[in-house]
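Here is a briefing on one protein chain. Keep the sequence and the 3D view side by side as you read.

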Amino acid sequence: MKIKKEEYDSQCAHNDGDMRNDKATNLRWATIIENANDRILHGTQTRGELVPSAKLSKKDVSVIRRLLANGHNGFSISKLFMVHSATIYRIRDNKTWHQG
């Protein structure tokens with residue numbers, strides 16, 4: 001049996017975002033992007049300090065934003081928090097750890 005590309009690239013998505021609800025009426029095939037968008041919509045996307053590999057907390061990010069606002073440069077802040085300077089600039093530019 002040959003598998004079509006669109007079947008190979010699909011994931012099982014849960015319409016209600018509850019992975020424990022595996023009733024057929026709650027399941028559908030979705031692309032990786034559709035499934036990722038569903039996680040954001042359902043509020044099940046792991047973000048911020050809940051990400052197991054996170055090096056910063058919400059409090060850290062708040063301090064970083066305050067330091068940036070007070071004129072400290074990203075490189076010195078990155079050394080203080082032991083992260084790459086690009087991480088600081090992504091926080092500054094609201095590309096990660098979004099405010100809102």
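Two residues are in contact here when heavy atoms of theirs lie within 4.5 Å. With that in hand, A30 is in contact with D9, S10, Q11, A13 and N35, leaving aside its neighbours within four places in sequence. The model is predicted. The points below go from the whole chain to single residues.

**Overall build**

- The chain holds five helices and two strands.
- Reading from the N terminus, the order of elements is α-β-β-α-α-α-α.
- The chain is more spread out than a compact globule, because its radius of gyration is 19 Å, well over the 13 Å that the globule rule gives for 100 residues.
- Along the principal axes, the C-alpha atoms fill a box of roughly 60 × 30 × 20 Å.
- Take the contacts between residues at least 6 apart in sequence: 32% of them join residues at least 24 apart.

**Surface and charge**

- How much of the chain is buried? Buried residues are 21% of the 100 residues.
- The accessible surface is about 8000 Å². Carbon and sulfur atoms account for 55% of that surface.
- There are 17 positive and 11 negative side chains. The centres of these two sets are 10 Å apart.

- A30 sits in strand β2, which covers residues 27-31.
- A30 has 1% relative accessibility, so it counts as buried; the cut-off is under 20%.
- N35 is one of the contacts of A30, and N35 belongs to helix α2.
- N35 is buried too, with a relative accessibility of 12%.
- Which residues does N35 touch, beyond its neighbours within four places in sequence? They are Q11, C12, A13 and A30.
- D38 is also found in helix α2, which spans residues 32-42.
- Is D38 buried or exposed? D38 counts as buried, because its relative accessibility is 12% and the limit for buried is under 20%.
- Not counting residues up to four places away in sequence, D38 touches A13 and R28.
- A13 therefore turns up in three contact lists: that of A30, that of N35 and that of D38.
- How far is A30 from N73? These residues are 43 residues apart along the chain, and their C-alpha atoms are separated by 43 Å.

**The nonpolar core**

- In soluble globular proteins, nonpolar side chains tend to be buried together.
- Which residues form the largest nonpolar core in this chain? It has 10 residues: L56, V61, I64, L68, I77, F81, V83, I88, I91 and W97.
- The elements that supply two or more of these residues are α3 (58-69), α4 (74-81) and α5 (85-92).
- Helix α3 gives the most, with three residues.

**A closer look at I77**

- I77 is a member of that core and is found in helix α4.
- Its relative accessible area is 2%, so I77 is buried.
- Leaving aside neighbours within four places in sequence, I77 is in contact with I64, L67, L68, H72 and I88.
- Among these contacts, I64, L68 and I88 are also listed in the core.
- I77 and I88 are 11 residues apart in sequence. In space, 7.3 Å separates them, C-alpha to C-alpha.

**Positive phi angles**

- Most residues other than glycine have a negative phi.
- M82 has a positive phi, near 55 degrees, and is not a glycine.
- Where is M82? M82 lies in the loop between α4 and α5.
- M82 counts as exposed, because its relative accessibility is 71% and the limit for exposed is over 50%.
- N94 is another residue other than glycine with a positive phi, near 60 degrees.
- N94 is placed in the segment after α5.
- N94 counts as partly exposed, at 31% relative accessibility.

**To take away**

Definitions and conventions: Residues are numbered from 1 along each chain as its sequence is written. This is a predicted model: local features need pLDDT of at least 70, side-chain atom pairs count only at pLDDT 80 or more; totals for chains, interfaces and linings use all residues. Side-chain values use heavy atoms; hydrogens and water are left out. Helices (H or I, at least four residues) and strands (E, at least two) are DSSP runs, numbered from the N terminus. The radius of gyration is taken over C-alpha atoms; the globule rule is 2.2 Å times the number of residues to the power 0.38. Buried means under 20% relative accessible area, exposed over 50%, partly exposed in between (1.4 Å probe, protein chains only). Accessible areas come from the Shrake-Rupley method with a 1.4 Å probe; for residues, only the protein chains shown count as cover. Lys and Arg count as positive and Asp and Glu as negative; His and the chain ends are not counted. The place of a charge is taken as NZ of Lys, CZ of Arg, CG of Asp or CD of Glu. A nonpolar core is a set of buried Ala, Val, Leu, Ile, Met, Phe, Trp, Tyr and Cys residues joined through side-chain atoms within 4.5 Å.
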